[in-house]
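Hello,

Here is the structure I promised to pass on. Please have a look when you find a moment; my notes follow below.

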Amino acid sequence: MTKRNTTLGEFIIENQDSFQYSSGELSKLINAIRLAAKVVNHEVNKAGLIDILGAAGDTNIQGEEQQKLDVFAHDKFIQTLTNREIVCGIASEEEDDFISINSNDERHQNKYVVLIDPLDGSSNIDVNVSVGTIFSVYRRVTPIGTPVTLEDFLQPGNKQVAAGYVVYGTSTMLVYTTGDGVNGFTLNPALGTFYLSHPDMKFPETGKIYSVNEGNYVHFHQGIKDYIKYCQQEEDDRPYTSRYIGSLVSDFHRNMIKGGIYMYPKTKITQSGKLRLLYECNPMAFIAEQANGIAIGGKTRIMDIEPTELHQRVPFFCGSRKMVEKLQEFLEKYQ
Ligand code: AHM
Ligand code: MG
């Protein structure tokens, strides 16, 4: 049993052997993400000061133009993973195409690809609301040593070997799974060290929070409208309370701790919903299922959807088991 004051570095070493394909490569990868997350965290924390720091013509000390934070986060994660030569390919929500990492080193036998949303919910930064990074790791399917292809990235979520998120909130936390439960680590900013603060995280079986952008209500399909009305009815343990930050990582994180359901349905206008299957839904679904929760895209389990394109969008419903099952009943009525 790992102690609560264990650092993330110690935890990674302690748990390396429990990972079935353990060769140390995945541990190095998580370590690289940990490092990039700290750099991004440092920058996100300064966000409100950017106008002041950049007042003399929008440049920083090195004379470089101030970057937008989502671009900054993208660059940091890509640089860290590329420089350390620990993955063979990366796809980012910030770029149209995937990046193939070629190495001159013949021993370069890396087998993992990473898919990342470097700064999700970045429109919230201007108003000092929490944002997050979401990542997902797969074993490549093409031969090791050759350049990666699209096939390596278009894998269903059930093939993920690891997934996680960083929430840059009142505290910064890194939460991840390698398929053996979910653990959360909180950053001590004075020391720059992540400590295990939330071991073996689990969604409560049910909860009292529903999270959805109700501004889209009139465009929702009838099953969703009826479920929302059900959440609002005075009966049994209801009405539920509505909480919607508009920052997926934060909404998910709160629901996992307190119990709740997150919904981003398709509407009569956006037939596929808004969230990206590969960068947002699959990693969150893997974490949810590892934490006793459920994630569906309608009839189908999110992690069983066969992706057809890198930036594919899907409807997303995720959270406490009993709440998602109830929603399913409403959806089935209208199928
Ligand atoms: P982004 O990837 O452009 O940041 O969009 C994803 C975000 C999620 O974090 C959030 O849950 C959702 O978009 C909110 O969308 P909306 O403003 O339509 O409710
Ligand atoms: Mg996003």
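**The loop between α6 and β10**

Asp236 is placed in the loop between α6 and β10; helices (H or I, at least four residues) and strands (E, at least two) are DSSP runs, numbered from the N terminus. Before going further, a word on conventions: this is a predicted model, in which local features need pLDDT of at least 70 and side-chain atom pairs count only at pLDDT 80 or more, while totals for chains, interfaces and linings use all residues. Residues are numbered from 1 along each chain as its sequence is written, chains are lettered from A and ligands numbered from 1 in the order in which they are written, and side-chain values use heavy atoms, leaving out hydrogens and water.

Back to Asp236: its phi is near 50°, a positive value in a residue other than glycine. Asp236 is exposed, with a relative accessible area of 72% (buried means under 20% relative accessible area, exposed over 50%, partly exposed in between, with a 1.4 Å probe and protein chains only). Pro239 also has its place in the loop between α6 (222-232) and β10 (241-242), and a cis peptide bond with omega of about 10° joins Arg238 to Pro239. Most residues other than glycine have a negative phi, and most peptide bonds are trans.

Asn128 is not a glycine either, yet has a positive phi of about 60°. Asn128 lies in the loop between β3 and β4 (131-139) and is exposed, at a relative accessible area of 74%.

**Rings and charges**

There are 13 aromatic pairs in the structure. Rings of Phe, Tyr and Trp (its six-membered ring) pair if their centres lie within 6.5 Å; planes under 30 degrees apart count as stacked, over 60 as edge-to-face and the rest as tilted. One of the pairs is Tyr165 with Phe252, edge-to-face at 5.8 Å centre to centre and 80° between the planes. Tyr165 belongs to strand β5 (residues 160-168) and Phe252 to helix α7 (residues 248-258), so this pair ties together parts that are 87 residues apart in sequence. Tyr165 is buried at 0% relative accessible area, and Phe252 is buried at 2%.

Tyr262 and Phe316 have ring centres 6.2 Å apart and planes at 55°, so that pair is tilted. It links Tyr262 in strand β11 (residues 260-264) with Phe316 in strand β13 (residues 316-319), 54 residues apart. Both Tyr262 and Phe316 are buried.

Ring pairs also join Tyr227, Tyr230, Tyr240 and Phe330 into a cluster. Two charged ends sit over rings here (NZ of Lys or CZ of Arg within 6 Å of the ring centre and within 35 degrees of the ring normal): Arg238 over Tyr230, 3.7 Å from the ring centre, and Lys333 over Phe330, 4.5 Å from the ring centre.

Which residues coordinate the magnesium ion (ligand 2)? They are Glu93 (OE), Asp117 (OD), Asp120 (OD) and Glu280 (OE), at 2.0 to 2.5 Å. Donors are N, O and S atoms within 2.8 Å of the metal (3.2 Å for Na, K and Ca); water is not among the atoms, so sites may look incomplete. Asp117 and Asp120 are both buried.

Strand β1 (residues 89-92) points Gly89 and Ala91 one way and Ile90 and Ser92 the other, all of them buried. β1 and strand β3 (residues 112-120) pair in the parallel sense over 4 bridges (two strands pair if DSSP finds at least two bridges between them), and Ile90 stands opposite Val114 in β3.

Best wishes
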